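User: Hi! Could you walk me through this one? I'd like to start with the strands and then move on to the overall fold.

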4 protein chains.
Amino acid sequence: MNASLLIRAEMAEIGRRLYERNHICGTEGNLSARLPDGKILITPSGVNKGYLKPGDMIICSADGEKLDDTCEPSSEMKLHTAIYKWRKDVTAICHAHPIYATAYSVAGISLNRPVLPEIVGTLGAIPLAGYASPGSTDLPGTLADLIDRYDAYLLKSHGVLTVGKSLEDAFNKLELVERFARILFIADRMGGAKPLSTKETKRLLREAGRMNIVGELEFPPDDGKGSASAPKKSTSDRAGYRQ
Amino acid sequence: MNASLLIRAEMAEIGRRLYERNHICGTEGNLSARLPDGKILITPSGVNKGYLKPGDMIICSADGEKLDDTCEPSSEMKLHTAIYKWRKDVTAICHAHPIYATAYSVAGISLNRPVLPEIVGTLGAIPLAGYASPGSTDLPGTLADLIDRYDAYLLKSHGVLTVGKSLEDAFNKLELVERFARILFIADRMGGAKPLSTKETKRLLREAGRMNIVGELEFPPDDGKGSASAPKKSTSDRAGYRQ
Amino acid sequence: MNASLLIRAEMAEIGRRLYERNHICGTEGNLSARLPDGKILITPSGVNKGYLKPGDMIICSADGEKLDDTCEPSSEMKLHTAIYKWRKDVTAICHAHPIYATAYSVAGISLNRPVLPEIVGTLGAIPLAGYASPGSTDLPGTLADLIDRYDAYLLKSHGVLTVGKSLEDAFNKLELVERFARILFIADRMGGAKPLSTKETKRLLREAGRMNIVGELEFPPDDGKGSASAPKKSTSDRAGYRQ
Amino acid sequence: MNASLLIRAEMAEIGRRLYERNHICGTEGNLSARLPDGKILITPSGVNKGYLKPGDMIICSADGEKLDDTCEPSSEMKLHTAIYKWRKDVTAICHAHPIYATAYSVAGISLNRPVLPEIVGTLGAIPLAGYASPGSTDLPGTLADLIDRYDAYLLKSHGVLTVGKSLEDAFNKLELVERFARILFIADRMGGAKPLSTKETKRLLREAGRMNIVGELEFPPDDGKGSASAPKKSTSDRAGYRQ
């Protein structure tokens with residue numbers, strides 16, 4: 001119960017940040033966490049997630065059955081439980097509608113261009129999942145082909161979903177996606193975001209352990225170094241991508 | 001008086017959010033609520049709505065006559081009283097000038113494209129009401145043809161108005177309109193917001209009880225499923241649009 | 001000294017809003033107020049105006065001579081004193097660099113299009129003053145031809161200046177200018193901000209007591225009502241432009 | 001230890017502003033300061049810089065060796081130590097990813113156009129440094145040719161770095177760069193940012209002591225005054241560029 005209490009408090013805090021930093025409005029968005037005992041803690045439905053109190057969160061079984069007698073859990077419960085079953089390493093999920101990333105999802109454009117090293121070296125890329133009605137049983141299926149190798153997704157016409165090892169981790173990924181979307185949009189308006197070289201992109205993917213998505217990125221026209229191996233001296237001492 | 005006190009406090013809080021989240025500036029915007037006894041509580045005129053105290057609000061009759069001896073009520077009082085008479089279900093009104101939605105109103109473009117499920121499945125669409133001078137007796141008339149079937153309106157060259165069952169509900173609708181306007185603007189710059197299918201649009205309208213506006217939406221070129229009935233399995237268990 | 005203390009506190013508060021709402025950064029911007037005894041209170045030079053304390057403000061004579069032994073007054077002191085001599089009705093001045101209005105000033109485009117009734121009915125329009133080096137003795141001269149009939153100005157390649165009857169009044173005008181600039185920019189990107197009719201524009205100018213600038217607005221191609229007198233019923237009961 | 005304590009507190013405060021004003025997200029960005037004894041205080045790696053406490057900062061030698069037993073220092077430590085060795089006048093460094101300036105860095109466009117007097121008269125211009133992997137030993141080299149005559153840099157595909165005489169000074173420069181980037185982007189969309197005259201640009205550079213970069217600016221097509229000396233009367237009494 002005490003571990004759960006800390007997670008409840010973190011969920012309230014992350015909800016507050018989601019609203020304060022304008023990634024949601026109205027009753028949008030939802031957060032969940034998998035507790036050590038396998039149960040799922042999730043935000044309630046129909047309320048502004050910026051003003052939640054720790055006691056407002058709802059405990060459910062791993063199958064999404066409500067285990068206490070409070071408010072209704074998020075209508076996206078089925079999406080959360082499906083992800084926790086697919087990805088045993090995931091213990092937190094964040095879904096929101098940040099402006100620029102949602103605009104990409106509405107335009108039907110994925111964020112798979114290798115432009116920012118802090119994206120390529122962490123998330124790799126952000127694919128676009130197909131459309132299904134929010135809250136429907138079809139929605140989890142749109143992630144089925146992607147869930148094994150990505151941690152952040154554009155949901156077509158709908159928003160962004162990220163997974164992580166803590167609520168803050170999932171939230172940080174969501175903000176990173178939105179920042180990338182916004183930078184990309186602006187750079188494209190001023191003449192075009194320049195892609196990283198194929199060599200650097202592969203090096204970053206390799207470091208991030210994400211070479212399995214290399215075929216899904218939009219590479220720049222071959223710059224003649226596409227097949228290069230790891231650079232000689234500049235990476236041997238990299239401390240990873242943590243700034 | 002106590003019920004009224006809670007509503008006064010909520011009005012101050014919603015005014016604060018309107019300013020803090022940049023939906024108003026200067027002395028723009030106004031809020032009102034219909035009290036259980038039919039009287040109307042409304043924000044004062046000529047002050048920044050971000051710094052109101054509960055005691056600053058003004059009590060008026062259902063006809064807009066000031067009932068106490070305080071500041072002047074909002075110059076849009078006539079608009080508020082007209083709406084309360086037309087719509088017996090409405091108990092709160094929010095009017096503000098959020099940037100992107102106001103830009104649409106200034107460009108003379110309604111927000112009636114079925115693009116985001118959280119718009120189609122709640123507000124349906126946001127029509128553009130004709131222009132009349134702010135504060136004038138002509139202004140309520142611009143809503144007369146729309147008031148029976150919409151909860152959110154672009155006021156031509158002027159801003160946004162929303163109605164709801166509470167001040168928070170009306171405010172949430174206003175933020176949702178602004179978010180939609182902003183996402184649509186950006187998606188259109190990056191290649192075009194993709195409409196939902198006709199089938200999905202109709203399903204969402206039906207669930208929202210808004211099939212009466214189906215003829216007012218800008219549907220995409222027929223995708224061959226335009227006359228489809230409700231989908232088979234994906235909606236039977238939808239928990240509605242509350243996230 | 002007590003009246004001055006209240007104004008010092010208001011100046012600190014308005015400085016905080018300028019920074020928090022992103023109308024300035026670094027050491028940009030300045031505020032001043034004319035005290036009842038004719039002296040001028042002004043923000044210090046070289047510091048972030050978002051973190052001022054009441055005691056940080058500097059008292060100067062009407063000619064801009066520093067009267068106490070504190071920090072240096074704003075380098076724009078000469079601009080402030082010139083305005084106070086020209087405009088006896090002005091008791092506060094706000095100068096900042098809000099993003100969109102400054103972009104208009106940098107593009108060399110004035111904000112004199114009659115698009116938003118809350119601009120036409122209050123400020124009338126916002127002209128573009130010529131360029132002079134910030135802090136120079138030439139800068140006041142760029143306003144000389146405009147100062148008698150406007151309360152808000154774009155300073156070419158530099159920012160925005162507003163005058164008012166209180167610091168909050170001048171600040172509110174600055175926010176209104178920035179909001180207008182932003183709405184206009186976005187509406188122009190989505191197909192073009194639609195001007196108010198010539199008739200409505202003249203009615204609003206007349207109510208605002210600003211018919212003296214009617215020749216300086218960019219009117220729409222004549223809509224056939226350009227010479228119309230005041231409308232019949234919609235204005236007789238207008239409560240002014242205070243929302 | 002007490003001087004260090006004040007700097008630790010300032011570092012926490014500037015970190016908070018970086019996040020609150022949206023110049024970083026996730027675990028992005030880093031800050032450092034050179035202490036009076038030559039040691040370097042730097043932000044830790046892998047955490048959100050908006051929530052640092054004074055005790056979270058890490059003390060390192062001038063060569064970047066960690067001197068206490070806490071978290072890992074920023075992965076950009078090598079970049080910071082190289083700068084401190086090159087520039088004996090610098091005592092603080094700020095690195096972040098503000099949206100618009102990072103978009104310029106991603107589009108491969110420097111900010112060397114003489115458009116805003118508060119840029120030309122302080123930073124002069126903001127050059128674009130070449131790309132190297134974040135955290136790599138190659139990264140400092142990209143600044144080697146620029147470090148002697150600039151205080152702010154776009155790092156290709158990566159973000160912004162500024163140096164200063166205090167953390168607040170470096171942070172203020174970063175905000176100024178971002179503001180300039182944003183104003184320039186918007187002005188270019190509305191018809192083009194107008195450059196300052198060659199004469200005024202040179203006067204501002206001269207006052208800022210930055211005539212050594214005059215050859216690196218993008219001057220407007222010669223306006224006939226390109227070789228003019230300092231203006232006669234408008235600058236003799238300028239109080240500098242501090243507002």
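Analyst: Happy to. In chain C, seven strands make up an open sheet with mixed pairing, and their order is β3-β2-β1-β4-β7-β6-β5. At the edges sit β3 (58-60) and β5 (128-129) of chain C, each of which pairs on one side only. Keep in mind that this is a predicted model.

User: Noted. How do β1 and β4 of chain C pair, parallel or antiparallel?

Analyst: They are antiparallel: β1 (residues 30-34) and β4 (residues 92-96) of chain C are joined over four bridges. Within that pairing, Ala33(C) has Ala92(C) in β4(C) as its bridge partner.

User: Nice. Which helices lie across those strands in chain C?

Analyst: One is α1 (residues 2-20) of chain C, which lies across β1, β2 (40-42) and β4 and runs at about 155 degrees to β1(C). Another is α5 (residues 167-189) of chain C, lying across β1, β4, β6 (152-155) and β7 (159-164). The angle between α5(C) and β7(C) is about 140 degrees.

User: Let's switch to chain B. Which way do the side chains of β6 point there?

Analyst: They split into two pairs. Ala152(B) and Leu154(B) point one way from β6 (residues 152-155) of chain B, while Tyr153(B) and Leu155(B) point the other way. All four of these residues are buried.

User: And which strands does β6(B) pair with?

Analyst: With β5 (residues 128-129) of chain B, β6(B) pairs in the parallel sense over two bridges, and there Leu155(B) stands opposite Ala129(B). With β7 (residues 159-164) of chain B, β6(B) runs antiparallel, joined by four bridges. In that pairing Ala152(B) is partnered with Thr162(B) in β7(B).

User: What about the turn between β6(B) and β7(B), how many residues does it have?

Analyst: Three residues lie between the two strands of this hairpin, and Ser157(B) in the turn has a positive phi of about 60 degrees.

User: OK, zooming out to chain A. What's its secondary structure?

Analyst: Chain A has six helices and seven strands. Going from the N terminus, the elements run α-β-β-β-α-β-α-α-β-β-β-α-α.

User: How does its radius of gyration sit against a compact globule?

Analyst: It agrees, because a compact globule with 243 residues would have a radius of gyration near 18 Å and chain A has 19 Å. Along the principal axes, its C-alpha atoms fill a box of roughly 60 × 35 × 30 Å.

User: Last one: how much of chain A counts as buried?

Analyst: Of its 243 residues, 54% count as buried. As for contacts between residues at least 6 apart in sequence, 66% of those in chain A join residues at least 24 apart.

Technical notes: Residues are numbered from 1 along each chain as its sequence is written. Chains are lettered from A and ligands numbered from 1 in the order in which they are written. This is a predicted model: local features need pLDDT of at least 70, side-chain atom pairs count only at pLDDT 80 or more; totals for chains, interfaces and linings use all residues. Two strands pair if DSSP finds at least two bridges between them. Two residues are in contact if their C-beta atoms, placed from the backbone, lie within 7 Å. Axes are lines fitted to C-alpha atoms, for helices over the stretch in contact, and angles run from 0 to 180 degrees between N-to-C directions. A residue is buried if 20 or more other C-beta atoms lie within 10 Å of its own, exposed if 12 or fewer, and partly exposed in between; C-beta atoms are placed from the backbone. The radius of gyration is taken over C-alpha atoms; the globule rule is 2.2 Å times the number of residues to the power 0.38.
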